[in-house]
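Trainee: I've never looked at this one before. Could you walk me through it, one question at a time?

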Amino acid sequence: MTFDELYAERRAALVRLAYLVVGSHAVAEETVHEAFVEVLRRWDSIEAPVAYARITVVRAAVRTRRRRARELDLAVRTIERPADGPTGTDDELWQALGVLPGRQRAAVVLRFYEDCSHEEIGAALGCSAANARLLVHRGVARLKQEVTR
Amino acid sequence: MNEDAFDDRIRRMLQARADALPVEPQEWPPVTEVEVRRRRPVHLAVFAGAAAMLAAVLATVFVTTRDTTQQMGPTPPGPSTAAPPPSTSPEAISPVTDPAPAVASNAGGWYVPTSVPDGFEIVSASANRPPLAANPTWQLAAWIDRTDGRIDRRLQVSSLVPQEGPGGYTFDHDPGATIVRGVAGSISEADGVTSVSWNEAGRMLSASGTMDRERIMAIVEAGTVEAESGFRVDDALLPPGVEHVLPAEPGEPLDLLVTTSLLFEGQGGATLWMTSTPNEGGLPLDGMYVFGPVRRETVGGIEREIATSSPDHGDYTSVSWLDGGSRLAVSGTGMADDELLAFARGVSPSDEATFLDLEREVTDRWLREPATDEATFADGLAVSVRSSAPADAVDPLAGSVLCAEAITRLCAAPIGGAGGGNGAESASAPDWYILVGTFEVDGRKTAIAWLSGEPGDIGVTTNDPERWDPLPFERADGQQGVFVRVDVESALSMLKFSRNGGSGGANVAAEVFDVEVMTR
């Protein structure tokens with residue numbers, strides 16, 4: 001697989017993944033672009049491009065989410081309520097997702113959207129599988145708490 | 001709603017949201033249009049090492065971690081993987097060609113480089129100054145071992161009388177552990193350095209050096225310990241070839257001297273750090289370095305000691321010299337000796353204003369970086385953790401600094417901390433972190449810790465290893481962890497930070513974590 005092929009085949013899916021983590025379509029596009037720049041920079045040493053790209057996107061998304069919050073001087077909660085994404089499907093749960101801290105949110109998205117194992121989530125977030133499991137567990141618990149208020 | 005049903009609801013919501021997102025197909029733009037950002041990865045140990053090098057003896061004695069924690073303390077630098085942006089100030093240097101004197105005595109202890117090697121950039125600058133007095137009971141003894149007339153092995157023994165009551169501390173040795181001089185102690189060997197510690201005659205003692213273990217233990221066992229004067233060894237009892245260099249006659253009063261620390265990053269993982277510290281106890285040039293073989297060279301009219309670390313201790317070289325009551329050292333990785341000597345020659349006496357300009361420059365640059373986590377205390381003190389680690393770094397908090405912003409602001413490398421869990425012993429990142437920094441905020445000497453979890457025990461350790469005294473602390477919640485803040489009451493106290501329910505923690509001694517001076 002060439003880099004161009006990876007970009008053509010995976011970009012859309014990665015934008016969607018990033019969108020679920022950062023909560024904004026525009027920011028997701030920007031995040032994925034940044035991530036692909038990183039992938040390109042290391043292309044010669046990457047053995048599993050698809051997995052590597054996903055990890056890079058998730059980490060960039062978590063990082064971007066924090067940076068955007070700071071740049072816009074807004075609470076993260078506000079950032080997570082997108083003005084530029086689709087609406088209409090379980091808005092209550094989507095709003096609740098915006099309350100989660102970045103890594104928790106990324107863990108939930110990887111678990112329930114990407115069907116990642118805890119090992120894969122841990123690899124993406126730079127933590128152990130046990131810690132990934134905890135992130136998912138706490139994320140789901142928080143979501144429940146938010147939607148049952 | 002049961003768990004499975006709720007999980008399904010999450011799945012459906014995420015899938016629907018993602019599916020509804022209109023994503024236009026695109027081709028990768030030409031490479032020439034792509035901005036390839038170069039980040040500045042630094043290993044945390046490098047940062048910590050900068051401050052810790054000047055207190056290596058005390059760090060060895062007083063910094064402890066518990067359980068399986070990964071100490072982020074005075075470790076020599078490891079390689080980093082990418083290059084920082086090119087430095088623009090000060091000027092790049094050329095190798096030394098002029099042996100004329102370039103450095104004069106400096107009564108204040110302030111020093112700055114007049115140039116830095118090409119491609120290097122200052123990433124941490126900090127200073128501390130009185131009135132945090134040193135422990136008057138602290139004593140240092142040192143010995144050297146020569147091979148063919150060249151000093152190549154060292155041993156130093158430091159000791160002090162623990163403070164009485166709350167805020168005191170002592171070594172916490174298991175009675176069933178190693179026996180040193182007939183009492184419980186510890187012996188460890190790492191990176192070419194053997195370290196021994198024990199309690200005796202009301203003192204805490206620590207021996208550390210590059211001599212082989214047999215020689216170190218022979219000296220330790222041959223000595224005497226007195227409550228008033230510390231550890232001494234009769235010269236007649238020393239192993240063959242070992243010479244006594246300390247204690248020496250005390251030098252001039254050092255009350256007004258500051259301690260400074262500067263850290264630089266270079267391309268290709270090169271690092272460079274520079275420290276100046278009051279020469280407590282009148283340490284001679286011979287006794288300044290313990291980690292490897294040394295040689296002497298006169299550069300810029302000043303005699304310098306040039307030491308190369310043992311292969312096990314990291315690939316770095318250190319140049320040390322004495323000036324006006326201060327001990328100075330510059331150490332670098334990935335640098336040629338002549339390049340390091342040229343840098344050392346350019347280190348010049350300065351004044352407070354010039355040094356603080358450097359501090360301000362570094363702080364301003366860090367504050368333009370995104371925060372890993374940040375929070376604000378009730379009185380308006382804003383604190384943050386910032387890291388230059390790239391997104392795919394094994395340790396996402398590598399190269400972190402702690403920043404405090406009030407009327408004034410400062411970003412500086414942590415002076416201590418710990419990390420642990422699965423990642424501590426593997427190639428993956430630690431599961432938890434504690435970073436500790438110190439600041440002077442509106443006259444309050446303050447320790448700030450960032451913990452990746454709820455705070456647990458926060459306080460000072462005591463002479464009783466089973467007991468610690470809780471300290472009142474303030475907290476400010478970040479997105480990724482919790483910042484806690486305690487007042488530093490005494491230079492002799494040893495602070496304890498741990499996470500709630502966590503297995504590890506960080507104990508940090510005041511002597512090691514000198515209070516940083518906020519920029520004005």
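Mentor: Happy to, and keep in mind that this is a predicted model. Let's begin with the salt bridges.

Trainee: How many salt bridges does the structure hold over all chains?
Mentor: The model is predicted, so the count rests on computed atom positions. A pair counts when a side-chain nitrogen of Lys or Arg lies within 4 Å of a carboxyl oxygen of Asp or Glu. Over all chains, the number of salt bridges is 17.

Trainee: Which residue of chain B forms a salt bridge with Glu92(A), and why does the pair join two chains?
Mentor: Glu92(A) lies in helix 5 of chain A, residues 91-97, while its partner sits in helix 1 of chain B, residues 3-19, so the pair joins two chains. The closest N and O atoms are 2.9 Å apart. The partner of Glu92(A) is Arg9(B).

Trainee: Is Arg9(B) buried or exposed?
Mentor: Take Glu92(A) to begin with: at 43% relative accessibility, that residue counts as partly exposed. Buried means under 20% relative accessible area. Arg9(B) has 14%, so Arg9(B) is buried.

Trainee: What separates Arg142(A) and Glu146(A) in helix 8 of chain A?
Mentor: Their side chains meet in a salt bridge, at 3.4 Å from N to O. Arg142(A) is partly exposed at 27%, whereas Glu146(A) is buried at 13%. Both belong to helix 8, residues 129-147, and they are four residues apart, so the separation is about one helical turn.

Trainee: Asp379(B) forms a salt bridge with Arg485(B); how many residues apart are they?
Mentor: In this pair the closest N and O atoms are 3.0 Å apart. Asp379(B) is in the loop between strand 21 and strand 22 of chain B, Arg485(B) is in strand 31, and the pair links distant parts of the chain.

Trainee: What share of the residues of chain B count as buried?
Mentor: Chain B has six helices and 33 strands. It exposes about 20,500 Å², with carbon and sulfur atoms supplying 49% of that. Of its 520 residues, the buried share is 57%.

Trainee: Where is Gly98(A) found, and how far is its C-alpha atom from that of Gly23(A)?
Mentor: Gly98(A) is in the loop between helix 5 and helix 6 of chain A. With a relative accessible area of 1%, Gly98(A) is buried. Gly98(A) and Gly23(A) are 75 residues apart along the chain, yet their C-alpha atoms are separated by 7.3 Å.

Trainee: Which element gives the largest share of the largest nonpolar core?
Mentor: That core has 54 residues, and Leu20(A), Ile10(B) and Leu14(B) are among those that touch the most other members. Several helices of chain A give two or more residues, together with helix 1 of chain B. The largest share, 11 residues, comes from helix 1 of chain A.

Trainee: How many residues are in the other core, the one with Trp366(B)?
Mentor: This core lies apart from the largest one. Its members include Val116(B), Ile306(B) and Val319(B). The number of residues is 36.

Note on methods:
Residues are numbered from 1 along each chain as its sequence is written. Chains are lettered from A and ligands numbered from 1 in the order in which they are written. This is a predicted model: local features need pLDDT of at least 70, side-chain atom pairs count only at pLDDT 80 or more; totals for chains, interfaces and linings use all residues. Side-chain values use heavy atoms; hydrogens and water are left out. Buried means under 20% relative accessible area, exposed over 50%, partly exposed in between (1.4 Å probe, protein chains only). Accessible areas come from the Shrake-Rupley method with a 1.4 Å probe; for residues, only the protein chains shown count as cover. A nonpolar core is a set of buried Ala, Val, Leu, Ile, Met, Phe, Trp, Tyr and Cys residues joined through side-chain atoms within 4.5 Å.
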